[in-house]
Amino acid sequence: MVKYLDLELHFGTQKSSLPAPEPLPHLETFKKKDVIEILSHKKAYNASILIAHLKLSPGSLHQVLMNMAADRLEAAHIKQLLLYAPDAEEVKKYEEYREDPSKLSEPDQFMLQMLSVPEYNTRLQSLLFKCSLQEKTEELRGAFDCIIKASTELKTSRKLAKILEVPRGTGRRDTAR
């Protein structure tokens, strides 16, 4: 049998004499204060991962884009830069912080720096085309060679010529005579 005191100890609703645990510090103390975020949380998170993968400072990436040096960036990175590029509404918000970018979060500062590149999106699209042109050309050349080979085989095929041969005497002209 369970004793009455054991029940009270395990299932009682009275407060115990043990001190209450201290509340956890607010999460806000861990966040940077007074940092403005323009990009959505998801976009900023992905942009910060991309920044780490690029292993280029914003200034050197700026130079790469200005010089259109395709050898410094991989096609996947260029696609991501295009994907996370700020839209028109975000660009308007960035204009307010051109004078003091230190108020912005790190991904936002990066994007603000990239917006200083003239025709940022157009340059990225051109770089992506430049990076993928060689691969696309090789694919097309392989397909073209296959078509040439197949058409040559069809042209010289005796079996196809026999199949396509129309027997004489079945045409309309022959029946009219």
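**Figure 1. Overview of the chain.** Among contacts (heavy atoms within 4.5 Å) in the chain between residues at least 6 apart in sequence, 76% link residues at least 24 apart. This is a predicted model, in which local features need pLDDT of at least 70, side-chain atom pairs count only at pLDDT 80 or more, and totals for chains, interfaces and linings use all residues. Residues are numbered from 1 along each chain as its sequence is written, and side-chain values use heavy atoms, with hydrogens and water left out. The chain has 9 helices and 0 strands. Helices are DSSP runs of H or I with at least four residues, strands are runs of E with at least two, and both are numbered from the N terminus. Of the 177 residues, 23% are buried, meaning under 20% relative accessible area with a 1.4 Å probe, protein chains only.

**Figure 2. Helix H3 against helix H6.** H3 (residues 58-67) and H6 (residues 106-115) pack at about 30°, with axes 10 Å apart. Axes are lines fitted to C-alpha atoms over the stretch in contact, and angles run from 0 to 180 degrees between N-to-C directions. H3 is therefore roughly parallel to H6, a term for angles under 35 degrees. H3 gives Pro-58, Gly-59, Leu-61, His-62 and Leu-65 to the contact, and H6 gives Phe-110, Gln-113 and Met-114. These divide into 5 nonpolar, 3 polar and no charged residues. Nonpolar covers Ala, Val, Leu, Ile, Met, Phe, Trp, Tyr, Cys and Pro; charged covers Asp, Glu, Lys and Arg; the others, Gly among them, are polar.

**Figure 3. Helix H2 against helix H6.** The H2 and H6 axes come within 9 Å and cross at roughly 70°. H2 is therefore roughly perpendicular to H6, the class for 65 to 115 degrees. Ala-44, Ala-47, Ser-48, Ile-51 and Leu-54 of H2 meet Glu-106, Pro-107, Phe-110 and Met-111 of H6.

**Figure 4. The largest nonpolar core.** This core has 30 residues. A nonpolar core is a set of buried Ala, Val, Leu, Ile, Met, Phe, Trp, Tyr and Cys residues joined through side-chain atoms within 4.5 Å. Those with the most contacts inside the core are Leu-61, Leu-65, Leu-73, Leu-81, Tyr-94, Phe-110 and Tyr-120. Helices H2 (41-54), H3, H4 (75-83), H6 and H7 (120-156) each give two or more residues to this core.

**Figure 5. Surroundings of Tyr-94.** Tyr-94 touches Ile-38, Leu-39, Pro-86, Leu-104, Asp-108, Met-111, Leu-112 and Leu-115, leaving aside residues up to four places away in sequence.

Technical notes
Angles under 35 degrees count as roughly parallel, over 145 as roughly antiparallel, 65 to 115 as roughly perpendicular and the rest as oblique. Buried means under 20% relative accessible area, exposed over 50%, partly exposed in between (1.4 Å probe, protein chains only).
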